[in-house]
Amino acid sequence: QWYQGNDPIAGANSASYTINSVSTNDAGQYKVVVTSAAGTATSNTVTLTVNIPPVITTQPAATQSVALGTAANFIVVATGSPAPAFQWSKDGNPITGATSSVFSIGSAVAADAGIYTVVVSNAGGSVTSSASVLIVAGLPVITQQPASVVANAGGSATFSVTAGGTQPFTYQWRKAGGVISGAT
């Protein structure tokens, strides 16, 4: 007679016991009691551990845009048993040391831009996350500096600048370090 824990298993009374479709309810301790006319013998208790393949419950953000020199964080949430392991990759290449559910870049540079994924695995299997695209937005660069202007008293003076980089831009003109109200 086979037992799960201390409960006899109905119909489990042969030299072997097979569970055809293992579920998490089957996890636990098993033993068998062998009986003859001379008495009984109880086997050692053995454990059935049920591996649950990892499932990603929260994917990394599909796209994230960070400014040059700022942090970028990739986060995945996954379940499974045993607890899953993580391996982040950039453009299909594993990132050394990036083996937790969170991967952080402290100060993004242009070379960090790319496609990031994470493989989540355990003894039950593995699953790959959706792609997360990192855009590293460049700081604005003044491509044409304002020019000095000579103006007649009572006339107008116009200053202009041209900027390049990742848009949109905002502008704030200043005079002697002070903000000029409405000059945006």
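**A close look at one serine**

Author: Let's start with S89, which sits in strand β10; strands here are DSSP runs of E with at least two residues, helices are runs of H or I with at least four, and both are numbered from the N terminus. Before going on, keep in mind that this is a predicted model, where local features need pLDDT of at least 70 and side-chain atom pairs count only at pLDDT 80 or more, while totals for chains, interfaces and linings use all residues. Residues are numbered from 1 along each chain as its sequence is written, and side-chain values use heavy atoms, with hydrogens and water left out.

Is S89 buried or exposed? It is buried, because its relative accessible area is 9%, and the cut-offs are under 20% for buried, over 50% for exposed and partly exposed in between (1.4 Å probe, protein chains only). What does S89 touch, once you skip its neighbours within four places in sequence? The list is P94, I95, I115, Y116 and T117, where a contact means heavy atoms within 4.5 Å.

Now walk along from that strand. D91 is in the loop between β10 and β11 (93-94). Its phi is positive, about 50 degrees, although D91 is not a glycine. D91 counts as partly exposed because its relative accessibility is 44%. The peptide bond from S81 to P82 is cis, with omega near 0 degrees.

Y116, one of the contacts of S89, takes us to the largest nonpolar core, which has 18 residues. Such a core is a set of buried Ala, Val, Leu, Ile, Met, Phe, Trp, Tyr and Cys residues joined through side-chain atoms within 4.5 Å. Inside this one, the residues with the most contacts are F74, W88, F103, I105, Y116 and L134. Two or more residues each come from β8 (72-75), β10 (85-90), β12 (102-105), β13 (114-122) and β15 (132-137), and β13 gives the most, with 3 residues. Take I105 as an example: leaving out residues up to four places away in sequence, it touches T70, A71, A72, F74, D112, Y116 and L134.

S129 is in the loop between β14 (125-128) and β15, and it counts as buried because its relative accessibility is 8%. Not counting residues up to four places away in sequence, S129 touches I56, Q59, P60, T117 and V118. T117 is on the contact list of S89 as well.

Let's check the two ends of the numbering. W2 is found in strand β1 (residues 2-4) and counts as buried because its relative accessibility is 15%. Apart from residues up to four places away in sequence, its contacts include I9, A12, Y17 and V32. W2 and V33 are 31 residues apart in sequence, yet their C-alpha atoms are 6.4 Å apart in space. A second, separate core of 5 residues includes W2, I9, A12 and V32. T184, in the segment after β19 (178-179), counts as exposed because its relative accessibility is 63%. Beyond residues up to four places away in sequence, T184 touches Y171 and Q172. Also towards that end, A176 sits in the loop between β18 (174-175) and β19. A176 counts as exposed because its relative accessibility is 86%, and its phi is near 50 degrees, a positive value in a residue other than glycine.

Finally, zoom out. The protein chain has 0 helices and 19 strands. Its radius of gyration is 33 Å, well over the 16 Å that the globule rule gives for 184 residues, so the chain is more spread out than a compact globule; the radius is taken over C-alpha atoms, and the rule is 2.2 Å times the number of residues to the power 0.38. Along the principal axes, the C-alpha atoms fill a box of roughly 120 × 30 × 20 Å. Buried residues make up 22% of the 184 residues, and S89 is one of the buried ones. Among contacts with a separation of 6 or more, 48% join residues 24 or more positions apart.
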